[in-house]
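Student: I would like to learn how to read the features of a model like this one. Please take them one at a time, the general idea before the case.

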Amino acid sequence: MTTSTSQDPFQLLRRILELEKRKGFQDTAAAGGLERLVARNLPGWLAEFPSQKVRLQQLAALLRGYADRSPAARAELIEKALAVLDGEAILPSEQARRPARPRAAARTAPVRIDRAVTPDDPVTVLPGVGSQRARQLEALGVTTVRDLLYLVPRRYLDYTQVVPIGRLGRLVRPGEEVTCSVIGEVVQIETRETSGGRRYVSVQLRDETGTIPVIWFNPYIARQLEVGQRIAVSGRLEGNGPYVRFRNPEWEPAEAELLQTGRIVPVYPLTQGLYQRQLRQLTRAALDLALPRLEDPLPPALRERNQLPPLAWALEQLHYPETLAAAERARRRLAFDEFLVLQLGLVQRRLAWHAQAGIAIPIDRDFLETFLASLPFQLTGAQRRALEEILADLAEPHPMSRLLQGDVGSGKTVVAAAAALLVHRAGYQAAILAPTEILAEQHYRTLTRLYAALPGGERPFVALLTGSTPERDRGSILAGLVSGAISIVVGTHALLEERVRFRRLALAVIDEQHRFGVLQRHTLRSKGENPHVLVMTATPIPRSLALVLHGDLDLSIIDELPPGRQPVKTYVVPGRKRTQAYEFVRREIEKGHQAFIICPLVEESEAIEARAATAEYERLQREVFPDLRLGLLHGRMSPREKEDVMTRFRDGELHILVSTAVVEVGIDIPNATVILIEGAERFGLAQLHQFRGRVGRGSAPSYCLLVSDASTETARQRLEAVASTTDGFRLAEIDLELRGPGEFLGTRQSGLPNLRFASLADLSTLQAARRTAEDLLRQDPSLSAPEHAPLAELVRALWTRSVADVS
């Protein structure tokens, strides 16, 4: 049976042939192929449009055997078919020798609209988008047509396998899931009810090889289908043998350009009231109407160097790919764009900072060697290398902007101390900013101890300024900074107060910089004349993430521990052995040591996490360690309360500190020898490594107990990875691969842009974008060349949305 349709067959064929051109002559514009489309509809068309018999037969003859031709031969046939549609008669005997007439490449859009649509128009310009639909789209972050073009499918359904109905039973194997497509004629439509009273639509679909039942638990389907209609159906097969069926599959008329069936179909994120069919129709409309007016920001030469496809192709293939490989190639192009815009901004900031006039610090090598010889230990090779990179920057007449990255206990502080000492030697001042009072006190004591062996006249005056500094001492410190009598000051946010002024600030060291906001870092820098800036972090960051978060900083890495530093022995403890873990903690305390117990992560909110930590603290104090002194630390406590608890623990007044993740970075407690982490599977690997770094800082053997009730193989493997290596950088890379950057950094790490297409595991694309950014800015530092104007606008737009200052 053929389909009867009142649609002009020439309009339908023109749209499908233009689509076939755009798809590269792959014979995928119509389900089952072009020849089959024309053959199955020809009888109906001839019956309805007898006056067009010659043209219709010519088209059928042209497309006969189309599937067996080469792409070049197919292209020639399509041009001839389009000529027939334009009214040019081509006799079958002439088909092999008549040249194709040149045609424009435009295709007839499946939607009509009265005016041109641009990518930056509101999404309400699209057909069918009223205020309610616009609100639904806004929940997905879609307010403009451009947002719709860049809406990323979460995954794809591969419905490209179009199977005759009679062969479906042979496809299904026990335990296997089969998805496929069929094209057939609706021969029966019934509305039925299940035994529980739920209504559903039952349809019998038939092709020349057999019949299959299709059911939808949506009664409105019955109004949309007609007996005799040809439809394409795609979905998962249920049943086996001759008793297979489709349940709630995708469907659409077989003669339409297929969006829902018979192809690789995008699956988008949804919100309440919005469905995949609607979203696919909207992305198709956005592509048809706006893609011709979307400017490609990458010049052709740049695309060619990096083997990237045009933007229009990439967006088309992102939504409606010919193959999954094409979808991946499209994603790489769009990921490159994201990385490039980000890296252009970062490299521009780095160049702008370096272009400013700075203070060239003369490096007194003899004095440096005197200091290093006075230390009770030798620097590691990694420490020495990092120090030399910093000293080379200090000697330049433009300001340093460098990140010093080192694992817990790697010895970053002594490197910073050596740099600050040489700044003092040259007659300038250094400031070291720490996020908490207890860390500031720790740095102050470390610096005082490191400088103690220097001759009195050469020893710098080191001061400590925090919120707890008594007012009587504060005045003399402020005066000493203004006069220059104080060479090095260590402090907290108190250093940022307006009344704190320096005579000759030349070096600002910021410890754990992610704990400070943009304005705070800027405030410290503004207290000198473009001082050198050294940022330190104990959080191991993979190279790819460092390029994204700190791409405007030069990078120094301390990747080895000082000799004699005790490795922390790490054990995975199943939940059923929790009591033995508590007994181990007690034995360590009986030896005169102290312990940390970390509460499991509660992701709902900080308030819930605080309540959970409080309940765990009370349980441990009451039931497990009633005879010991326990302290509690969580994020809902005030800074003063946190400082008080940490100070009591540091001074030995508490045996055990029960804490949430707030203890991750910071205090040095040499007497703490064991850390027990409850619910260890809920934390990231890098975070577990940070926790582990809280112990092993003294001379006694130290231990990390990873307690977990998780039974999955993945959770066990992750925890075993922590137990098997002390290399924080390797664990950070594993963690980034397993959990992604958002989870790796915590809830919303300041400075990480929203990367929709780019993956930080894709280091090759990131590095290619970085090289391209550096090359471009070497040739055109301000991106002022006409061919770079679209890129310059994208960079401006990203950085005015305030990607955080990470310098």
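Student: Which residues are linked in a network of salt bridges?

Tutor: A salt bridge here is a side-chain nitrogen of Lys or Arg within 4 Å of a carboxyl oxygen of Asp or Glu. In this structure, a network of such bridges links Asp 296, Arg 303, Arg 333 and Asp 337. The model is a predicted one: local features need pLDDT of at least 70, side-chain atom pairs count only at pLDDT 80 or more, and totals for chains, interfaces and linings use all residues. Residues are numbered from 1 along each chain as its sequence is written, and side-chain values use heavy atoms, with hydrogens and water left out.

Student: How many salt bridges does the structure hold?

Tutor: The structure holds 43. Among them is the one between the side chains of Glu 177 and Arg 236, at 3.9 Å from N to O. To place it, note that helices (H or I, at least four residues) and strands (E, at least two) are DSSP runs, numbered from the N terminus. Glu 177 is in the loop between α7 (168-171) and β2 (179-193), while Arg 236 is in strand β5 (residues 230-238), so the pair ties together parts 59 residues apart in sequence.

Student: Is Glu 177 buried or exposed?

Tutor: Buried means under 20% relative accessible area, exposed means over 50%, and partly exposed is in between (1.4 Å probe, protein chains only). Glu 177 has 61% and is therefore exposed. Arg 236, at 42%, counts as partly exposed.

Student: What is the N to O distance between Glu 369 and Arg 384?

Tutor: Their side chains meet in a salt bridge at 2.6 Å. Glu 369 belongs to helix α13 (residues 365-374) and Arg 384 to helix α14 (residues 381-394), so this pair ties together parts that are 15 residues apart in sequence. Glu 369 has a relative accessible area of 37% and is partly exposed; Arg 384 counts as partly exposed at 29%. Another salt bridge joins Glu 653 to Arg 648, with 3.4 Å from N to O. There, Glu 653 is partly exposed at 41%, and Arg 648 is partly exposed at 31%.

Student: How many aromatic pairs does a search of the whole structure find?

Tutor: A pair of aromatic rings is described by the distance of the centres and the angle of the planes. Rings of Phe, Tyr and Trp (its six-membered ring) pair if their centres lie within 6.5 Å; planes under 30 degrees apart count as stacked, over 60 as edge-to-face and the rest as tilted. The search finds seven pairs. One of them is Tyr 150 with Phe 757, edge-to-face at 6.1 Å centre to centre and 65° between the planes. Tyr 150 lies in the loop between α6 (145-149) and β1 (155-158), and Phe 757 in the loop between α25 (728-745) and α26 (763-779); the pair links distant parts of the chain, 607 residues apart. Tyr 150 counts as buried at 14% relative accessibility, and Phe 757 is buried at 5%.

Student: Which residue forms an aromatic pair with Phe 584?

Tutor: Tyr 703 does, in an edge-to-face pair with 4.9 Å between centres and 85° between planes. Phe 584 sits in helix α20 (residues 578-590) and Tyr 703 in strand β21 (residues 703-708), so parts 119 residues apart in sequence are tied together. Tyr 703 counts as buried, at 14% relative accessibility.

Student: Which ring does the charged end of Arg 504 sit over?

Tutor: A charge sits over a ring if NZ of Lys or CZ of Arg is within 6 Å of the ring centre and within 35 degrees of the ring normal. For Arg 504 the ring is that of Tyr 428, with 4.1 Å to its centre. Arg 425 lies over the face of Phe 367, 4.2 Å from the ring centre.

Student: In what order do the seven strands form the open sheet?

Tutor: Two strands pair if DSSP finds at least two bridges between them. The order is β11-β12-β10-β13-β14-β9-β15, with parallel pairing. β11 (462-465) and β15 (554-558) are at the edges with a single partner strand each, so one side of each has no neighbour in the sheet. Within the sheet, β13 (residues 505-511) and β14 (residues 532-537) pair in the parallel sense over five bridges. Ala 508 has Val 533 in β14 as its bridge partner.
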